Amino acid sequence: MRWALVKVSLAVTAMVVVAFAVPLGLVVREMARDRAFSNAEREAAAVAPALSITTDRDALERVVASAGTGSAMAVHLPPSVTDEAPAAIGPRRARDRDIDAVREMGRASTTEVEGGSALLQPVALSSGEIAVVEVFVPEAAVTNGVGTAWAVLAAVGAALIVGSVAVADRLGVRMVRPARRLVEGARELGEGKLGARVPEEGPRELRLAAVSFNSMADQVVQLLANERELAADLSHRLRTPLTVLRLNAASLGEGPAAEQTRAAVAQLEREVDTIIRTARDARPRTAAAGPGAGCDAAEVVRERMGFWSALAEDEGRRWRVAGAESPVRIPVARADLAAALDALLGNVFRHTDEGTAFAVDVHNGDDAVIVLVSDAGPGISDPEAALARGRGSGTDGSTGLGLDIVRRLAESTGGDVRVGRSVLGGTEIRVRLQLDGRAAPVRRGHRGAVRRRRWLPAAAFSHRPRSLPQGRPESTTRPPERPVRPAGSR
């Protein structure tokens, strides 16, 4: 906007300067010409009284010499005054036909001669004859002062252009600075800095925009605060039924089922407490995980599969875990990964019949970790709709948020989530977690390689969580061995 105003001001001022300076320069040149010929007419008029009194050649030569014009004046006498051809006193420059034309017309005229112009002024003699006074006007006299005038006009025009550009630049700065602050405020607000506000200054339109922006930011803060309080209140309402469940679970006695029930109730209480603390926390959780942050994906997979294996045993489901024997570090919080796995495994138990087999595979690559959750159910007819937030299956208990939670977890690392067909015949959820926080290009044949992986026979599926490997102690985070070209994620 600033440079646009400067360009407009430059163009308008240049046109105005040209529109006024060029005609004014032409007028100055015409005035210089008129001044030179006016002087020539005065010189010719100074000789006219002497010609009306006498035609003596010597007397006229003294008159021409006393006029002080030197070689710039000549007097052309008619033939009847002398016995010889038409006499010329002084150096003549005009042609004979021009002189004769002036005698016949009886009025002054100008003609072009070598080195300038000549003014031919007719003068009546006492005898009634017409003499012609020739006054030479050099080219330098016609253009005297024109160059200086043009230089002054050019300097004034340049000064006007520079001044207008400077004024336009200052006005542009006044307009651009509030607009730039508005852009910076919008960027900060988009980055989660809820305290971003814009000074209400500048032109009227920008002041109104700043007022609207600040009002919008205040409303966003208020809406987020209300949402956090609502989430905290709703979560707090779960404490009463959780207390009842915990008391009932305590009265179940001993046994694997009772222990599983009490562990589930305890975990549910922890999750509710986490939701309440997160909802009451005013700071947005947008910071990236620093060095050393994250969790061991293999350990989380083993832990969650140990939890879900009890229900799988009750429903007669065969299951297996692959790739979780060694530590696999990922830049994701442990609770977030556990919630994503619970959402995926919960979908398996919720949307497939009892006895349907499922599996969890962990693939550790140089630039990404891929978690595959596969089942032998009917599959998903519309994968895109399944990944859309709020698009549940329509069954009781389906909120449409499970796969959206998984998708947001993957995209927070630069990865993605894909829904496809598994080798078991059902659904395969492929979760790719980037290790460097950038979206990397998907290598061709990778998914095909995973799907062509030899599936274990039915006898290889376990029914008990104790068959899961315990793994070794967690290792430190391994940096990527080569740079990864970033690409967009779905």
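This report describes the strands, helices, surface and salt bridges of one predicted model.

## Overview

The model is predicted, and its chain holds 13 helices and 12 strands. Of the 490 residues in the chain, 36% are buried. Among contacts between residues at least 6 apart in sequence, 66% join residues at least 24 apart.

The chain exposes about 27800 Å².

## The antiparallel sheet

Five strands form an open sheet in the order E2-E1-E5-E4-E3, and the pairing is antiparallel. Strand E2 (88-89) and strand E3 (109-113) stand at the edges; each has a single partner strand, so one side of each is left without a neighbour in the sheet. In general, the strands of a sheet pair through backbone hydrogen bonds, in either a parallel or an antiparallel way.

Strand E1 (residues 73-76) pairs with E5 over four bridges and with E2 over two bridges. Valine 75 takes part on both sides: it stands opposite valine 133 in E5, and its bridge partner in E2 is isoleucine 89. Alanine 124 stands opposite isoleucine 130 in E5.

E4 and E5 make a hairpin with five residues between the strands. In this hairpin, glycine 128 takes a positive phi near 90°. Is strand E5 (residues 130-138) largely enclosed or largely open? Seven of its nine residues are buried, so strand E5 is largely enclosed by the rest of the structure.

Helix H1 lies across E1, E3, E4 and E5, and runs at about 150° to E5. Helix H1 covers residues 2-53, and methionine 15 is found in it.

Methionine 15 counts as exposed because its relative accessibility is 56%, and the cut-off for exposed is over 50%. Together with Val8, Val12, Val16 and Phe20, Met15 makes a nonpolar surface patch of about 510 Å².

## The mixed sheet

Another open sheet of five strands has the order E7-E9-E10-E12-E11, with mixed pairing. Its edge strands are strand E7 (319-322) and strand E11 (416-421), each of which pairs on one side only. Neighbouring strands of this sheet are turned by 10° against each other on average, direction ignored.

Within this sheet, strand E10 (residues 368-375) and strand E12 (residues 427-434) run antiparallel and are joined by seven bridges. Valine 373 stands opposite isoleucine 429 in E12. Helix H10 (residues 334-351) lies across strand E9 (358-364), E10 and E12, and runs at about 15° to E10.

Serine 422 lies in the loop between E11 and E12. Serine 422 counts as buried because its relative accessibility is 7%, and the cut-off for buried is under 20%. Which residues does serine 422 touch, not counting residues up to four places away in sequence? The contacts are with Ser374, Asp375, Thr427 and Glu428.

## Salt bridges

The structure holds 16 salt bridges. One of them joins glutamate 201 and arginine 181, with the closest N and O atoms 2.0 Å apart. This pair links distant parts of the chain: arginine 181 is in helix H5 (146-190), and glutamate 201 is in the loop between helix H5 and helix H6 (204-236), 20 residues apart. Both partners are partly exposed, glutamate 201 with a relative accessible area of 33% and arginine 181 at 32% relative accessibility.

Arginine 334 forms a salt bridge with glutamate 299, where the closest N and O atoms are 3.6 Å apart. Arginine 334 lies in helix H10 and glutamate 299 in helix H9 (residues 297-314), so the pair ties together parts that are 35 residues apart in sequence. Arginine 334 is partly exposed, with a relative accessible area of 34%, and glutamate 299 is partly exposed at 26%. A further salt bridge joins arginine 304 and glutamate 303, the closest N and O atoms being 4.0 Å apart. Arginine 304 is buried at 5% relative accessibility, whereas glutamate 303 is partly exposed at 40%. Salt bridges that share partners join Glu299, Glu303, Arg304, Arg334 and Asp342 into one network.

How values were computed:
Residues numbered from 1 in each chain as written. Predicted model: local features only at pLDDT ≥ 70, side-chain atom pairs only at ≥ 80, totals over all residues. Heavy atoms only, no water. Patch = residues over 30% accessible without salt bridge, like charges linked within 9 Å, V, L, I, M, F, W, Y side chains within 5 Å. Areas by Shrake-Rupley, 256 points an atom, 1.4 Å probe, with all protein chains shown as cover. Salt bridge = Lys/Arg side-chain N within 4 Å of Asp/Glu carboxyl O. Buried < 20%, exposed > 50% of the residue type's maximum accessible area, 1.4 Å probe, protein only. Pairing = 2+ DSSP bridges. Axes fitted to C-alpha atoms, helices over the stretch in contact; angles between N-to-C directions. Contact = heavy atoms within 4.5 Å.
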